Amino acid sequence: MTGDELVTRLIFSAIFFLNILAYETATTQIVGWQTFTSIGTIKDIDIDAGKVWSGSDGGVFQVDINSRTTAKFTNTEGLSANDVVAVEIDRHGVIWFALFNGLLNRYLPDTESWEVVEDYRGQQISDMVAVGDSLYVGLDIGVSLYTIDKMEVKETYRNLGLSSGDDVGKIGANAIFIDGTDIFVATSSGIARSSIALGNLQAPSSWVQYTTASGLPSNGVNDIVVLNGIPYAATTRGASRLTDTLWMDVALVGVNVKAMELVDSNQLFPENTVLSVTNDGVFWLDAADNWQRLGSRLTDVTAVKTDENGGVWIGRDGLGLASFNFDSEIWELVPENAPASNDFKSLLLDEQGRLWCASQLRGIHMLDNGTWVNFSRDNGLPSNDYRDLVTDAEGRIWAGSWGGGVTIIEVTPDDTTFSVIDTTGAVLAGFSGNSPGFVLVNGMARDQADNIWLLNREAVNTRVLASRTPQGEYAYFTVNEGLFTRFVTAIEIDQFDRVWVGTEDGGVRVLDHNNTLFDKSDDNFQQGLNVTDDGLFSNSVTALAEDRDGAIWIGTDEGLNLWFDNVTRNEFGIINRSITAIGIDGRNNKWIGTINGVTILRGHQEKLLDLTTGNSPLVSGNIQSFAFNEITGEVWIGTDRGLSLAQTLFTTPKEDLSQLSGFPNPFITSGSGERFTILNLAENTSVSIFNSAGRLIKTFRAGTSEIGAQAVWDGADKDGALVGSGIYVYLAYTDNDISATGKVAVIRR
């Protein structure tokens, strides 16, 4: 049989099978996830086998000490969550990570595999110390002994002899240090000491207690170390050393000492000594009991650890990991290819495929072909707090800020330039007479005439809505002309170029300027939506979006409304009523962001699915923004704890099937999640897969949620069994009898 004869036979077979196939329901439309975070604020560091492991609110950051190569682990690389509060490496080389929610994650480097320990779920873990096959876990209720070999909790020491009355059993461990068989626990009520060789550490009488009565400068003890058998304590009111049975001040009197660490002698330290971290930097203790500053003054150190060569590593608040260069005597940040913050208030994909991100904390981040570039006050931005993004007809990025007006960013092959629109020339206005230069621009949009519309929230001159033409002229619309409030929150331009403005206290106002920006006589502000007259859930509007049908979706702090054909609808089964963002993908699905995840809607009523941190790798449930690549189906989801990228089937359909293709080819599969993707499908296309004998293997039916402009095949037949090696044909066909075929070589391993 020739190839053409086979194709003809397959087409006729497909038409036959279409009449008898049952409707298949999609199990998922999300075929892949990726997480992008800033390493942010490091909470803890441990070092072993030449590698530095640091845990932060952005996941785990690993550095090879010799090569300075880095690796990152987030919830899409194996972590249960990204907020890591403690790190410990046991004698087997297994790395333990304690998460904010009490989960323990174990990483086994030899097999690159992960395990989850749930025994402490819901508790607060502060520290971990591994000794032999025992892991001592500092909790908000004391210290727990976890046996590594049996993988179970053996016992928990709740009192430590430091609590009494209403506090009995509520003493939390801030830090643990084990010296030989001696165990020291730093708490907010003093220090408890015992021996791990004792048989009953659950008894308070097994512990010796140290408090201010024993000479400690404060009962608030943050950390403790032991040098040559002598304990040193970091307290909220200074450093202290135990001499016999009394604690004595060691300088730094009255200073909050946040952490301590032991360091081996090297070119700077004449002998083994102690490091202390304060709000003024890192210090080492010399032979005369004087604290010497290590490098420059730092106010943001969050963690400290030393390596086996005497190297010193620190975490810096919001900046990541740094090491001390003993030759230049400066702190050097370890470079990380990442966004500068985990806050993504607004997202924008430009025509070059670059992703732009607005942060309320650290300016603007840009992802260009896998490389992150961060812009902030440090390199030219007038503000670090940005709220919205839009692109103009020239491809420039407009970034609206909270306090700095608008920054226009222009990227050329040679340079990146910034220009600012603010109160200069009275273009925009500050939010009050007391702060005339503090300009709030919290929403922007571009209309079909390439005018850029700006929300100038709380403008003191009441011109809260402005429009800039491509020629640089400005038109203004005031509170008194129909907006009624200075507290504007969201903006959308509909298909008729009407301007929809969401407000904080007045619902939605709609401006129909009849395409005459500078002629006020034909402006119409009569249309508007509110709670009383139109059934909005709330007059506090948080998001606006128009879908491809011309329906306007209105998010409020109390629910989601839809305005279509002069009717307001309001029941959609959204995962949470507090709406934070709305986006429309290439298939006209509505992505509704809330404080508890995402609900995806199809049409005007049908709910496709909910996405939460519990049922997906979504980096956080607090959604702030969306961006869509309608060609690839990629959906970028901005949250308050990082950026998630979901690879979906929701791509914009092609006009026909002339560009039908599939990859990878050959398709090598072992049934371990490999996927063959069929691309460039048209509207209402079904796909059937056949073997070389013409037998139907599987069908993806048009109209189901498992197929859009793409279909993804996992190498299994309709019963879920993995197919054998061979040549397979995929046939795409539309409702109006357009069809196309392709072939794929399947190699089963």
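In this predicted model, Q267 sits in the loop that joins β22 (259–263) to β23 (273–278). Q267 has a relative accessible area of 61%, so it counts as exposed. Beyond its neighbours within four places in sequence, Q267 is in contact with F326 and D327. G310 is 43 residues away from Q267 in sequence, yet the two C-alpha atoms are 9.0 Å apart in space.

With a relative accessible area of 60%, S672 is exposed. The side chain of S672 makes a polar contact with the side chain of S670, at 3.1 Å. S672 and D714 are separated by 42 residues in sequence, and their C-alpha atoms are 9.0 Å apart.

The interior is considered next. In soluble globular proteins, nonpolar side chains tend to be buried together. The largest nonpolar core here holds 26 residues. Within this core, I191, W247, M260 and W291 touch the most other members. Several strands each supply at least two residues of the core: β14 (173–179), β15 (182–187), β18 (221–227), β19 (230–235), β20 (238–243) and β24 (281–285). The most comes from β18, which gives 5 residues. The surroundings of W247 can be listed in detail. Leaving aside neighbours within four places in sequence, W247 is in contact with I191, Y210, S214, G215, L216, I224, P231, Y232, A233, S240, R241 and L242. A second, separate core has 21 residues, including V687, F700, A711 and W713.

Aromatic rings also pair. Across the whole structure, 32 aromatic pairs are found. In one of these pairs, the ring centres of F73 and Y107 are 5.2 Å apart. Their planes meet at 50°, so this pair is tilted. F73 belongs to strand β5 (residues 70–73) and Y107 to strand β8 (residues 104–108), so the pair ties together parts that are 34 residues apart in sequence. F73 counts as buried because its relative accessibility is 11%. Y107 is buried too, with a relative accessible area of 7%.

The rings of W96 and Y146 have centres 5.9 Å apart and planes at 70°, so this pair is edge-to-face. W96 is in strand β7 (residues 95–99), whereas Y146 is in strand β12 (residues 142–147). The pair therefore ties together parts that are 50 residues apart in sequence. Both W96 and Y146 are buried. Ring pairs also link residues into a cluster, made up of W53, F73, F97, Y107 and W114.

Charged residues form a further set of links. Side chains of opposite charge can pair when their charged atoms come close. The count comes to 28 salt bridges. One of them joins R641 to D83, with the closest N and O atoms 3.2 Å apart. This pair links distant parts of the chain, 558 residues apart. R641 lies in the loop between β55 (634–639) and β56 (643–648). D83 lies in the loop between β5 and β6 (84–89). R641 is partly exposed, at 37% relative accessibility, whereas D83 is buried, with a relative accessible area of 9%. Salt bridges with shared partners join K43, D83 and R641 into one network.

Another salt bridge brings together the side chains of R193 and D182, at 3.2 Å from N to O. R193 is in strand β16 (residues 190–195) and D182 is in strand β15, 11 residues apart. R193 is partly exposed, with a relative accessible area of 23%. D182 counts as partly exposed at 22% relative accessibility. A salt bridge also forms between D350 and R354, whose closest N and O atoms are 2.7 Å apart. Both D350 and R354 are buried.

E546 presents another arrangement. This residue is found in strand β46 (residues 541–546). E546 is buried yet has no salt bridge. R498 has the nearest side chain of opposite charge, 6.4 Å away. The cut-off for a salt bridge is 4 Å. The side chain of E546 instead reaches the backbone nitrogen of Q495, at 3.1 Å. Not counting residues up to four places away in sequence, E546 touches E492, I493, D494, Q495, A551, I552 and I584.

Conventions. Residues numbered from 1 in each chain as written. Predicted model: local features only at pLDDT ≥ 70, side-chain atom pairs only at ≥ 80, totals over all residues. Heavy atoms only, no water. Helix = DSSP H or I, 4+ residues; strand = E, 2+ residues; numbered from the N terminus. Buried < 20%, exposed > 50% of the residue type's maximum accessible area, 1.4 Å probe, protein only. Lys, Arg positive; Asp, Glu negative; His and termini not counted. Polar contact = N/O pair within 3.5 Å; in protein donor to acceptor, adjacent residues only side chain to side chain. Contact = heavy atoms within 4.5 Å. Core = buried A, V, L, I, M, F, W, Y, C linked by side-chain atoms within 4.5 Å. Phe/Tyr/Trp six-rings, centres within 6.5 Å; stacked < 30°, edge-to-face > 60°.
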